[in-house]
Structure formats: structure tokens, C-alpha cells
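This report looks at a metal site and at contacts between charged side chains. Please look over the sequence and the structure before reading on.

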Amino acid sequence: MRFSPTKSYLLSLPRTLPRLIRLVRRCLTLDIGARRLGVIESHGQAVRAVGILVDDADEAHRVSVENGAVSVLEPHVLNDDAKGGKMVMAEVNVVLRYVGKHGYKGPMLPNYEEVESLPLTYGLVRLDHAVGNVHKLAEAVNYISKFSGFHEFAEFTADDVGTTESGLNSMVLASNNEMILLPINEPTFGTKRKSQIQTYLEHNEGPGLQHLALICDDIFSTLREMRTRTHIGGFDFMPKPPPTYYKNLASRVGSILSDEQIKECDELGILVDKDDQGVLLQIFTKPLGDRPTIFIEIIQRVGCMEKEESTGREVQKGGCGGFGKGNFSELFKSIEEYEKTLDGTLKA
Ligand SMILES: [Fe+2]
């Protein structure tokens with residue numbers, strides 16, 4: 001492809017939770033009038049567009065449309081006379097929003113102002129991946145990879161994750177530099193429980209963004225800060241896995257995480273997975289609205305450091321440690337083991 005997507009758009013995450021919530025909402029409020037109202041009416045709380053920072057938004061839009069993308073917003077310029085510079089935005093339906101900076105140096109978007117915030121940081125750095133749920137995976141992957149030039153980065157099926165409860169097939173698409181990661185899920189059928197992806201599609205009234213994964217450098221301190229604010233309007237997190245999950249953890253990742261770190265994972269309800277290159281620490285919030293649809297994932301990736309060719313800086317390879325595929329089977333196994341211990345207690 002002739003355009004070069006460089007980074008996911010939500011680069012400079014705000015340092016406080018209330019501002020994070022506002023930022024997620026900004027993905028909606030960027031769109032005015034009937035279009036915004038229409039999105040909320042049919043999907044509830046949702047993200048309408050995922051922004052991708054590119055060198056040239058006009059070019060990205062043109063090449064995408066030439067390769068089959070349906071345009072929903074022609075390139076347009078946002079000027080900021082006070083700060084100087086401009087940005088160009090364009091959208092194709094999925095919805096991916098191409099954003100070109102063209103000299104713009106201000107915060108967030110033209111005509112936004114920095115506001116004073118508490119001298120507190122949650123340590124959230126940037127968007128790591130944005131996940132979509134669709135009815136038909138092959139069709140969606142074909143469509144997006146054809147117009148964006150993104151390649152297949154990883155794939156897993158319901159069989160891979162080792163449980164018939166999971167009910168999903170998944171594929172991760174990545175940009176050339178693998179800094180933009182777009183996993184896509186489809187439901188599978190015939191399992192004991194309804195696929196969580198099918199539940200999403202019904203409640204969201206169609207395909208959409210399932211979760212945003214925000215990456216941090218120290219998930220323990222990030223989680224401690226976030227958990228202390230759950231009861232005052234912060235995020236609610238999914239329930240902790242049973243104790244058997246953490247008992248098995250040392251044998252899975254004991255060579256990489258210390259006993260102290262495994263204990264902290266247990267205390268904070270953090271899940272751990274690994275691939276052949278690194279380790280992933282992850283935790284999920286409950287859905288943000290009143291439907292079982294969009295939620296947020298907080299992650300830390302450990303390992304996979306390499307030298308960036310252009311700058312010589314040490315950077316982490318995109319997708320290091322995977323996306324938590326191993327946690328499906330580990331969670332299922334630990335729940336089974338835990339239920340057996342409860343049976344034992346009852347019988348005793
Ligand atoms: Fe994720």
C-alpha cells in the first residue's frame with residue numbers, strides 16, 4: 001500500500017480516569033447531529049470510529065476506496081488558527097478514521113485545549129488493540145485486509161482454545177509495522193452456552209467494537225489506582241478467577257514472574273498468558289453501559305524488546321505475549337478444578 005499507517009489514534013491517553021471516560025465518549029461526540037444520535041439509539045454506549053494516524057489521510061482514503069472500501073466521510077481539514085497547523089480526517093466504513101497531522105502540534109484534535117488535571121497518573125500509555133465482533137469472519141477479514149493492506153497476524157478457533165464454551169473464532173489483522181492491531185471475532189454455534197459474540201451482536205444490533213485494550217507499563221500500580229475508584233464512578237472489573245487459577249500460575253509462568261508478582265496478580269485479579277516470545281498480563285472491565293457490549297481491557301506486555309531501525313531506540317514488538325488465547329482454556333480448567341473442591345467440601 002502507498003500510505004503508511006503509523007500508530008493507533010488514541011495515543012496520548014489522559015492521565016486521570018474521568019478524562020479517560022470523556023475521551024472514550026469523544027469517539028462519539030466527534031460526530032454531530034443525527035449520525036451520532038443514530039449510533040447511540042441503535043448500539044447504546046459504543047465507539048463509532050477507531051482512528052489511525054497516517055502520513056497522509058487523503059492518500060489513505062483514496063487508496064482504500066480504490067481497493068473496495070466504502071467511504072463514509074470524504075477527507076476534510078480541521079484548522080486550528082490559534083495553535084497553527086491542521087489535521088485531515090477521512091473515514092471508510094468499518095469505521096476506520098484516517099488522521100493526518102500535517103504539522104498540527106496541539107493536544108488531541110484541533111481546537112481542543114489542555115485542561116488542568118489532578119497530579120495523578122494511572123499509567124495508561126496508549127491503545128494497544130481494538131477488537132471488532134462480526135457475523136462472518138472471513139468476509140470481514142477479506143474486506144478490511146484488501147482495502148487497508150493489513151496482514152494476518154494471528155488466528156485462533158474455538159478448537160484451539162480447548163473449550164467448547166468459548167464459542168468464537170478470531171483473527172488478528174496488523175499494519176506493516178504491527179503497531180496497529182485489529183482482532184476480529186465471529187460467533188460459533190452448537191455449544192452448550194450461547195457464544196458471547198452472538199450475545200454481543202444481538203445487543204449491539206449488529207457488528208461493532210467489542211473492546212479497547214489500553215496498555216500500561218506497570219499493571220499492578222494502574223490496577224491499584226483504578227480499583228480504589230470503582231465505588232466512586234470508576235470502572236467495575238470482571239470477577240476474579242477461582243484460587244485454582246493462581247495455584248496453577250507458577251507452573252505456567254513461574255520462570256518469568258516472581259512469586260511476589262504472582263501474588264499481586266492474585267490480589268488484583270489479573271490474568272496471565274504467554275506466547276513463544278513474551279508474557280501478557282490482562283484484566284477486563286465489566287461492560288461500560290447497560291448492554292453486554294463494549295468493555296475495556298487493561299494490559300501490560302513483558303518481553304520482545306528490539307532496536308527500532310530508524311532511531312536505534314529499544315522498543316517492544318507489537319502483540320508481544322499474544323491476546324490471551326491460553327486464558328480461555330486455563331480459566332475453564334481452573335473453574336472445573338475449583339468446582340470439584342467445592343463438591344469435596346459439601347460431601348465432607
Ligand atoms: Fe484484547
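The model is predicted. Along the sequence, the residues that donate to the iron ion follow the spacing H-x81-H-x85-E. The two histidines of this pattern sit in strands: His129 is part of strand 6 (residues 124–133), and His211 is part of strand 10 (residues 208–216). The pair therefore ties together parts of the chain that are 82 residues apart in sequence.

Which atoms coordinate the iron ion? They are NE2 of His129, NE2 of His211 and an OE atom of Glu297, at 2.0 to 2.2 Å. Both His129 and His211 are buried.

## Salt bridges

How many salt bridges does the model contain? The count is nine.

Are the two partners buried or exposed? Glu264 has a relative accessible area of 16% and is buried, because the limit for buried is under 20%. Arg224, at 40%, is partly exposed.

## A second contact from helix 8

Asp266 and Lys240 also meet through their side chains in a salt bridge, with an N to O distance of 3.1 Å. Asp266 lies in helix 8, while Lys240 lies in the loop between helix 6 and helix 7 (243–253). Parts that are 26 residues apart in sequence are therefore tied together by this pair.

Glu308 and Arg313 form another of the salt bridges, and their closest N and O atoms are 3.1 Å apart. Glu308 is partly exposed, with a relative accessible area of 25%.

## Summary

The iron ion is held by His129, His211 and Glu297 as its coordinating residues, and the two histidines come from strand 6 and strand 10.

How values were computed. Residues numbered from 1 in each chain as written. Predicted model: local features only at pLDDT ≥ 70, side-chain atom pairs only at ≥ 80, totals over all residues. Heavy atoms only, no water. Donors = N, O, S within 2.8 Å, 3.2 Å for Na, K, Ca; no water. Helix = DSSP H or I, 4+ residues; strand = E, 2+ residues; numbered from the N terminus. Buried < 20%, exposed > 50% of the residue type's maximum accessible area, 1.4 Å probe, protein only. Salt bridge = Lys/Arg side-chain N within 4 Å of Asp/Glu carboxyl O.
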